[in-house]
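Work through the exercises below with the sequence and the model at hand. Each task is followed by a solution in steps.

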Number of protein chains: 2
Amino acid sequence: MSVFFSRSCEYGIQAVLYLASREPESPIHLRDISNALRIPHHFLSKIMQTLERDGVVISHKGANGGFELGRDAKEISIINIVRAIDGEAFLNGCVLGFPSCDDTAPCPVHTLWKKSKENISVMLEKSSVGELSAELGGKLEFIKSLYSHNNPTKEINV
Amino acid sequence: MSVFFSRSCEYGIQAVLYLASREPESPIHLRDISNALRIPHHFLSKIMQTLERDGVVISHKGANGGFELGRDAKEISIINIVRAIDGEAFLNGCVLGFPSCDDTAPCPVHTLWKKSKENISVMLEKSSVGELSAELGGKLEFIKSLYSHNNPTKEINV
DNA sequence: ATAAATTTAGACTTTATTGTCTAAATCAAT
DNA sequence: ATTGATTTAGACAATAAAGTCTAAATTTAT
Ligand code: FES
Ligand code: FES
């Protein structure tokens, strides 16, 4: 697991970024996504269904089916994916695990955390997956480099 | 679970802050800590043992035993507790779950995250539990307010 | 010495997360 | 209509995290 998110959520974010990076060639097969990102196929399937219900992606069943973004890539932020999968709670809790995070009964790191939280909110809300994938030249080439040294035998399909 | 840490780690941080807030009346019984902070007794026991091995706290067995800080409260930072319990990895991973976080193959949020990470490091490294508990007037009175509305029947022993 | 209080140890249970498997439903192409 | 490719559904397994329980070891006080 990463810093903030569940595995499911990480996979969801990765998958949506992958879709954004390959537009407009849609829809894209689940198999392609799971191969490229090294995500267990059926596990990702569940996650994509969650994102489908939330409108982040659209699915097409049957032959030549697959997934595409549910709306313009400029209109999807990371936070939308997080909300769909991990829910609302993740930035509302106390860092130290006390039962509430609240200005009226602040824990010792509350004020410091509040500032960091704003930065993180910007990171997750203000930039769209369109912008994020564009920054990478729309190719997600970096994925190849990330996985290639781990598993050189298995073909990487980015 | 909170934003970053495992439950164990949260409990550990809370317990150490509690010890710091009650100095110099030491040692303090595990039972006192677990009652005050609503932490399962034997679960906290394991966590305190981990902190003991790491030198963050010192334990005294037998009657009139208990726990005290392993060194001056000014010399203990949150990050020391995190390292002892959750390990080193937690700020090194990629936020989006890609296999490495690295300037040479950055994920789309890497540069934004890097800035936030610095703030968080400051929060966890630069302020000691001495300073943190002092800010609260050394009493952790806030704990009482946090828990009182949840469980009004059970006695709170802060 | 004995008893009482406390930490330590470790087996065990419960719950949540992650991952796997098989089958059904749906759709496009022939 | 039939076939094949794909998503959907849901049962199941494996693993990890969180919590519970009982007993042993250690220390202080009597
Ligand atoms: S109360 Fe702890 S972070 Fe706000
Ligand atoms: S590579 Fe993703 S946060 Fe650094």
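**Exercise 1.** Describe the protein surface around DNA strand C in this predicted model.

Solution. Start with the residues: 26 of them surround DNA strand C, and A:H42, A:F43, B:H29, B:L30 and B:S59 are the closest.

Next, sort the surface by class. The residues near DNA strand C comprise eight nonpolar, 13 polar and five charged ones.

Then assign the surface to secondary structure. At least two residues each are supplied by α1 and α3 of chain A and by α3, β1 (57–60) and β2 (66–69) of chain B. The largest share, four residues, belongs to α3(B).

Last, look at the DNA side. Sugar or phosphate accounts for 67% of the atoms of DNA strand C within 4 Å of the protein, and bases for the rest. At the phosphates, a polar side-chain atom of B:S59 lies 2.6 Å from a phosphate oxygen, and a polar side-chain atom of B:Q49 lies 3.2 Å from a phosphate oxygen. At the bases, a polar backbone atom of B:A63 is 3.4 Å from a base nitrogen of DNA strand C.

**Exercise 2.** Repeat the analysis for DNA strand D, and state which protein atoms meet its phosphate and base oxygens.

Solution. Among the 26 residues around DNA strand D, those that come nearest are A:H29, A:L30, A:S59, B:H42 and B:F43. By class, this surface holds eight nonpolar, 13 polar and five charged residues.

Of the DNA strand D atoms within 4 Å of the protein, 64% are in sugar or phosphate, the rest in bases. A polar backbone atom of A:L30 is 2.7 Å from a phosphate oxygen. From chain B, a polar side-chain atom of B:Y11 lies 3.3 Å from a phosphate oxygen. A base oxygen of DNA strand D is 2.9 Å from an N or O atom in the side chain of B:H42.

The elements that give two or more residues to this surface are α3 (41–53), β1 (57–60) and β2 (66–69) of chain A, with α1 (7–22) and α3 (41–53) of chain B. Of these, α3(A) provides the largest share, four residues.

**Exercise 3.** Determine how chain B is related to chain A.

Solution. Two copies of a chain are related by a rotation about an axis and a shift along it. Here chain B is laid on chain A by a turn of 180 degrees and a shift of 0.0 Å along the axis, with an RMSD of 0.1 Å. The two copies are therefore related as by a two-fold rotation axis. Both copies use the same surface: 100% of the contact residues of chain B recur in chain A.

**Exercise 4.** Classify the ring pairs A:F5 with A:F90 and B:Y11 with B:F43, and say which parts of the chain each pair ties together.

Solution. Over all chains there are eleven aromatic pairs. For A:F5 and A:F90 the ring centres are 5.5 Å apart and the planes are at 55 degrees, so this pair is tilted. A:F5 is in the segment before α1 (7–22) of chain A, while A:F90 is in the loop between α4 (78–85) and α5 (110–126) of chain A, so the pair ties together parts 85 residues apart in sequence. A:F5 is buried at 1% relative accessibility, and A:F90 is buried at 14%.

For B:Y11 and B:F43 the centres are 5.8 Å apart and the planes are at 85 degrees; since angles over 60 count as edge-to-face, the pair is edge-to-face. B:Y11 belongs to helix α1 and B:F43 to helix α3 of chain B, so this pair ties together parts 32 residues apart in sequence. B:Y11 is buried, at 13% relative accessible area, whereas B:F43 is partly exposed, at 36%.

One aromatic cluster is formed by A:F4, A:F5, A:F90, A:W113, B:F4, B:F5, B:F90 and B:W113.

**Exercise 5.** Is helix α4 of chain B enclosed or exposed?

Solution. List the buried residues of α4(B): B:I78, B:I79, B:N80, B:I81, B:V82 and B:A84. Six of the eight residues of this helix (78–85) are buried, so α4(B) is largely enclosed by the rest of the structure. The cover over its buried residues includes α1, α3, α5 (110–126) and α6 (129–135) of chain B. After α4(B) comes B:G87, with a positive phi near 90 degrees.

Key:
Residues are numbered from 1 along each chain as its sequence is written. Chains are lettered from A and ligands numbered from 1 in the order in which they are written. This is a predicted model: local features need pLDDT of at least 70, side-chain atom pairs count only at pLDDT 80 or more; totals for chains, interfaces and linings use all residues. Side-chain values use heavy atoms; hydrogens and water are left out. A residue is near a molecule or strand if one of its heavy atoms lies within 4 Å of it. A polar contact is a pair of N or O atoms within 3.5 Å; within protein, one must be able to donate a hydrogen and the other to accept it, and residues adjacent in sequence count only if both atoms are side-chain atoms. Ala, Val, Leu, Ile, Met, Phe, Trp, Tyr, Cys and Pro count as nonpolar, Asp, Glu, Lys and Arg as charged, and the others, Gly among them, as polar. Rings of Phe, Tyr and Trp (its six-membered ring) pair if their centres lie within 6.5 Å; planes under 30 degrees apart count as stacked, over 60 as edge-to-face and the rest as tilted. Buried means under 20% relative accessible area, exposed over 50%, partly exposed in between (1.4 Å probe, protein chains only). Copies are superposed by least squares on the C-alpha atoms of residues with pLDDT of at least 70 in both. Contact means heavy atoms within 4.5 Å.
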